[in-house]
Amino acid sequence: MTTTTPAPAIRPAAPSRPRPHAPESGPWVGRPVDRRDGPTKTTGTATFSAEYQLPDLAHGWLVHAPIARARITAIDDAAARAHPGVLTVLSHLNTPRLKPSPARPSLLDMSTMVGGTRVDYLGTDEVFFDGQPVAVVVAESLEAAQYAASLVQVDYAPLPATIDFAAAAAAGRATPVKQSLGMPTLVGSVGDADAALGRAAHVVDLHFTTPGHNHNALEPHATTAVWDGDRVTVWDATQGIDWFRKHLALRFDVPVESVRVIAPFVGGGFGGKGSVWAGTLLTVLAARVTGRPVRMALSREAVNRVVGGRTPTRQRVALGADADGRLTSVIHEAVLRNSPVGGGPEQVVGASGDLYASPHVRLVTSMVTLDLVPNTFMRAPGESTGSFGLESAVDQLAHDLGVDPLELRLRNEPETSALHHRAFSHRRIRELLHVGAEAFGWADRTPGGRRDGSQLVGHGLALAYHPAWEFPANVTLLLRRDGTALLRCGFQEMGMGTATVQAQVVADALGIPFDAVHVDYGDSDLPIAPNAGGSTQSASIAAAVLRSAAKLRRAVSQLHQRPGESLAQTLTRVGRDVEVSVGSDVGVGAAATSVRFIATTLLNQRRWVRAASGAHFCEVRVDADTGEVRVTRWVGAFDIGTVLNAKTAASQLRGGIVMGLGLALTEETVVDGRTGRIMNAGLAEYHVPTHADVPHIDIHLLDDPDPTMPLGVLGAGEVGITGVGAAIANAVFDATGRRVTDLPLTLDRVAP
Ligand code: MOS
């Protein structure tokens, strides 16, 4: 299907194998229904975390350390305190300590994985990164807090700091990653890839670099918090209410039930709001200390300084092939960075074990530890940058062999995963290549590019790939005698369309109209849901919705349902409403769910390779004199399993591709190698794509349910960005003959 013009009603294709979670047949799943939160947002009536008006609201502002490693020797806050309207200045000299963040994250308790950093904010005199908050000013007005923050004098005794990623990696300071905390592929090998490379008829051996990135969600991180005794209510721009809530309970040493988190609207996250960062912790702390409701909305610069971004990478991709272009060896090595106070590895090399057939594979990940704000998840962490290396190298191999890069990929399409010889739950990459090539007119291009006036025109192709996951989710589902339904689930809506899509799932599962379904979300008083991350939310919640619908049907059938009678008709006749719940939030039920989740996840990882995939085709025009790259055409063909909503799914994929344009062409977080200060912590100097940078993006979806995922859904949030960097770099190579291996593809790298 193409979504260039919305189709009226799109139904899932017939499954290729029986599915454990067969979707109910119905007219709503798949339809390009408009997002329910759309009008609220576009008319400005949606209330975001920094917009809640509370009586006596006070305002917080951060004082940041301007040094990467140091001990604080003195703080003079007298002038700040004397400023009119200032309520207090909090620092490690006068502030009660938070409980420590868990040193070791555990899959059994996901709240331990969202600490952001392990810094004991305002509990230590030690500075671990430039930008670390060392004091918080709380005042009656935002202006007073901001100005007073500039009056706080902090003295530091510097400590030695390691800042420069390239230098640290080159100096051999990278430590290999051994275990992968649930991530299937950070390391691994089969056969002897180095020996096979040595024997190969054709060899491509390339080194790549990608810079750090920052998320730059439209809505900066913001928190409003108010305590009532030992209970706290927090409005926060979070991607995950439940783990966030548990993390706050842990740090503030109160029962989980005492923390209420409300987040009905989140203005984009991309992973940057998946953890609990300093702004949140210090707002909640300031509210506790002052006894006032406190709001703190971080400046764009502060978001960059206190919230981690994407790790830079250094990669080596070496491919060996026989005379026919069949891969005999795949080597992918990646160096990433973390920090002594947090951060972790990403699956940069992951797709290289799955995407192509090869008897010999070696994948390696290692890390250098830098004194910078820890890295964190950012849209397709690992796959977005790793695919740049792998898919650029495959393109180079095709060029060296004189084979069409599409044909080379078809020749190397695997039966099972190369690394683990695991079955693919779903693999339609051949079709994606054909569908995309057809829509793009790949066969009609001039290989090697052509000149059009002062422009060099080239075409590029790259695969997209992102693993599919599911997490346990809890819901309640109520069907009323009037035929309306209420789904309650504490999931997050960051603009992806989750609430709309799950209403479609409920409508079909209960056989009622879409408009009869109401969905409550974004509140920790609701049954708990996983983070909106890892492209897992739709499948995870759909699984719980389907289970609840089945439970509801059983309950109604016990009410003497008559043959041919719909659920709602039975309830009308007997004059009853029925509510069921799925999952357990607390106690042994919750613990059992965690254990079952880990067991199932590990089992699934051994049995299947499950992933969303895609094929990008693009055209670029490179200015022959300046090297400026403009992307002028884009076709993306995707296999995301079942398409729940053709409009929101296509928007997710387009959004991923747009973010990929930034990754390819402009985005780079520049760190001063002397100080650790981010030099472009704002949108004026960190360039995200604007409308003028984005061509029409034509999205094609196969809409074929994955046989192993709930409702056949593989996830759409992240796969779109993967492969984009390589598709553009490959098109630039086609246009100019220049193989650029360092992102972003700025003029200096592309120009002749
Ligand atoms: Mo994400 S990086 O799964 O928000």
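Start by selecting strand β3 (residues 86-91) and strand β5 (residues 133-139): five bridges join the two, and they run antiparallel. Strands and helices here are DSSP runs, numbered from the N terminus; a strand (E) has at least two residues and a helix (H or I) at least four. Two strands pair if DSSP finds at least two bridges between them. Now click on Val86, which stands opposite Ala139 in β5. Five of the six residues of β3 are buried, so this strand is largely enclosed by the rest of the structure. Buried means under 20% relative accessible area, exposed means over 50%, and partly exposed is in between (1.4 Å probe, protein chains only).

A quick note before you move on. You're looking at a predicted model, where local features need pLDDT of at least 70, side-chain atom pairs count only at pLDDT 80 or more, and totals for chains, interfaces and linings use all residues. Residues are numbered from 1 along each chain as its sequence is written, and side-chain values use heavy atoms, with hydrogens and water left out.

Next stop: an open sheet. Select its five strands in the order β18-β19-β25-β26-β27, where the pairing is mixed. At the edges stand β18 (450-452) and β27 (697-701), each with a single partner strand, so one side of each has no neighbour in the sheet. Zoom in on β18 and β19 (residues 455-467), which run antiparallel and are joined by three bridges. Pick Arg451 and you'll find its bridge partner in β19, Leu456.

Axes are lines fitted to C-alpha atoms, for helices over the stretch in contact, and angles run from 0 to 180 degrees between N-to-C directions.

Last, show helix α13 (residues 537-557) and helix α14 (residues 567-574), which pack at about 40° with their axes 10 Å apart. The contact (heavy atoms within 4.5 Å) is made by Leu552, Arg553 and Val556 of α13 and Leu567, Thr570 and Leu571 of α14.

Stay in α13 and select Ser548. Is Ser548 buried or exposed? With a relative accessible area of 0%, Ser548 is buried. Not counting residues up to four places away in sequence, Ser548 touches Val475, Leu477, Val580 and Val582.
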